[in-house]
Amino acid sequence: MGKTTGHAPLMEALIRYRNKGNASFHVPGHKNGQVYEHEDIASLLQEVMSIDATEIAGLDDLHHPEDVIREGQQLAAECFGAEESFWLVGGSTVGNLAMILTVCTMPGDILLVQRNVHKSVLNGLMLSGATAVFLEPEIDTLSGLAVAPSTDTVKAALKAYPSAKGVLLTLPNYYGMGYDLKTTARACHAAHVPLLVDEAHGAHYGLHPRLPASALSCGADVVVQSTHKMLPSMTMGAMLHVQGERVHRELLRQRLAMVQSSSPSYPLMASLDLARWHIDVHGEDAFTEGLAAVDAFRKGLEQLPRFRLVEPTQQAGYGEDAHKDSSEGLEKDGERTSGYSTQDPFKIVLYDALGVLDGFGLKHELESYGCIPEMSDEKHVVLLFTLGSTARDASHLLQAFVHINNDIRFKKTAGELYSMGMEQHGLDLDFSTWNNDRMTAYSNPVQFGLQPINPEQIEVVPLEDTVGRVAAEMIIPYPPGIPLLYAGEKITEAKALRMRRLRDLGAKWQGAADERLLTIRVFRLK
């Protein structure tokens with residue numbers, strides 16, 4: 001973390017701009033919010049619009065920063081431990097696109113890619129024309145959730161594909177699960193390739209002793225973080241951090257200019273400046289109240305053993321506390337090289353151990369008490385605390401669980417399960433929020449591109465009849481936005497079952513032509 005500073009250069013420049021009260025003869029069209037001056041309903045928006053400026057004198061230019069934006073990005077690099085940092089106004093999506101386009105410069109370039117990645121990574125492969133070798137993630141034994149590929153898997157793939165341009169991993173996952181990346185980074189660097197990390201859910205990592213180490217501190221070369229997810233910037237605010245000489249910096253700047261808007265939002269950039277400023281000013285204390293809130297919730301939840309937490313063994317002490325689930329993981333030469341060993345303390349992942357309420361059902365009940373979870377799957381609910389959470393938030397959430405636990409609608413069923421000894425602990429290992437068959441450690445090369453599929457090659461079939469067919473569209477449960485299928489991928493029985501489960505439980509879909517997922521577009525049989 002950088003030196004404590006009370007300086008937020010872009011935000012301060014925008015306030016000076018607003019306070020001058022100059023007449024605007026430039027974009028944007030709302031003229032510093034004046035168009036809404038007499039509209040009570042728009043008063044809050046008018047405040048934001050008063051600093052919604054453009055690239056005029058004194059406010060710098062994101063695509064050629066020389067002044068306040070350049071200084072703000074330099075302060076971000078110092079704060080997050082990078083050699084150079086870039087503000088992103090299109091979320092981690094544009095960061096993922098830019099880092100792939102920087103590393104894969106020729107059609108057919110090979111990139112080793114964790115299979116359970118966000119859709120933006122697959123879109124980056126398409127834009128670059130890259131060839132992906134997909135790496136199988138490790139599966140947490142008890143929860144059945146996919147984490148990330150082991151170091152051994154990465155090493156084996158690097159040996160099999162020595163011409164690979166890099167390795168791209170996602171840590172932590174949507175559930176806050178991960179492991180120490182140091183050995184993986186060393187393996188990549190020994191093979192002379194960069195380690196690229198989509199750390200969208202870990203922008204806060206490394207900023208407090210109770211938080212896992214950041215990917216940068218573990219040796220990653222390029223890291224993309226969604227500052228808006230776990231730190232206090234506006235939605236779409238993200239950062240890309242880079243260090244070392246394994247990535248062409250000038251090309252990276254050019255790629256960022258390609259995928260980012262040429263008219264970036266100044267309020268959004270100012271929120272990135274303020275998020276960094278908040279960390280610099282308050283340091284570890286910025287997380288005190290949020291951590292206290294999540295601790296209070298966890299302590300209260302111990303009185304409701306029906307609801308279990310997903311946590312790793314070496315962090316949670318599995319076996320000593322019946323309220324926690326965990327996985328064993330692997331040790332090699334005294335270092336953990338795979339499995340699930342770190343959990344974001346701000347991500348509460350829990351489930352109904354009796355199986356009375358599935359993840360979607362539990363999410364629905366929480367929403368009825370005014371508690372809105374981040375996401376759910378067939379079994380789990382993900383509840384996201386941050387540095388902005390309070391003791392009142394924790395109390396509200398805990399009371400919701402008390403009400404659900406005592407709800408008479410679930411009493412009889414729960415009692416029957418207890419009497420029959422049917423308390424549920426884990427899931428079948430075919431369960432995860434993404435696609436993992438675990439047949440091999442890594443896939444054969446898969447060529448990506450932008451060529452559209454000829455409609456004559458496509459037919460629409462019922463989901464129940466898709467086993468053995470080849471998908472002609474992406475199927476993406478959202479959240480978390482990780483494709484279960486990409487166009488060209490074979491539909492196995494496990495994948496078809498997974499889609500039916502999610503569909504029947506009410507999951508929302510992106511990519512699918514049939515939003516109800518009764519049918520799927522597949523390639524015609526030859």
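**A buried aspartate**

Begin by selecting Asp352, which lies in strand E14 (residues 347-352); strands (E, at least two residues) and helices (H or I, at least four) are DSSP runs, numbered from the N terminus. This is a predicted model, in which local features need pLDDT of at least 70, side-chain atom pairs count only at pLDDT 80 or more, and totals for chains, interfaces and linings use all residues. Residues are numbered from 1 along each chain as its sequence is written, and side-chain values use heavy atoms, with hydrogens and water left out.

Asp352 counts as buried because its relative accessibility is 2%, buried meaning under 20% relative accessible area (1.4 Å probe, protein chains only). Next, display the backbone nitrogen of Leu354, which the side chain of Asp352 reaches at 3.0 Å. A polar atom of that Asp352 side chain also lies 3.0 Å from the backbone nitrogen of Leu357. Leaving aside neighbours within four places in sequence, Asp352 is in contact (heavy atoms within 4.5 Å) with Arg306, Phe307, Leu357 and Leu362.

**Two packed helices**

Now select helix H6 (residues 151-160) and helix H7 (residues 182-190), which pack at an angle of about 10 degrees with their axes 9 Å apart. Axes are lines fitted to C-alpha atoms over the stretch in contact, and angles run from 0 to 180 degrees between N-to-C directions. H6 and H7 are therefore roughly parallel, a term for angles under 35 degrees. To see the contact, show Thr151, Val154, Lys155 and Leu158 of H6 with Thr183, Thr184, Ala187 and Cys188 of H7.

**A covered helix**

Finally, select helix H4 (residues 91-103), where 12 of the 13 residues are buried. Among them are Gly91, Leu97 and Val103.

Terms used:
Parallel < 35°, antiparallel > 145°, perpendicular 65-115°, else oblique. Buried < 20%, exposed > 50% of the residue type's maximum accessible area, 1.4 Å probe, protein only. Polar contact = N/O pair within 3.5 Å; in protein donor to acceptor, adjacent residues only side chain to side chain.
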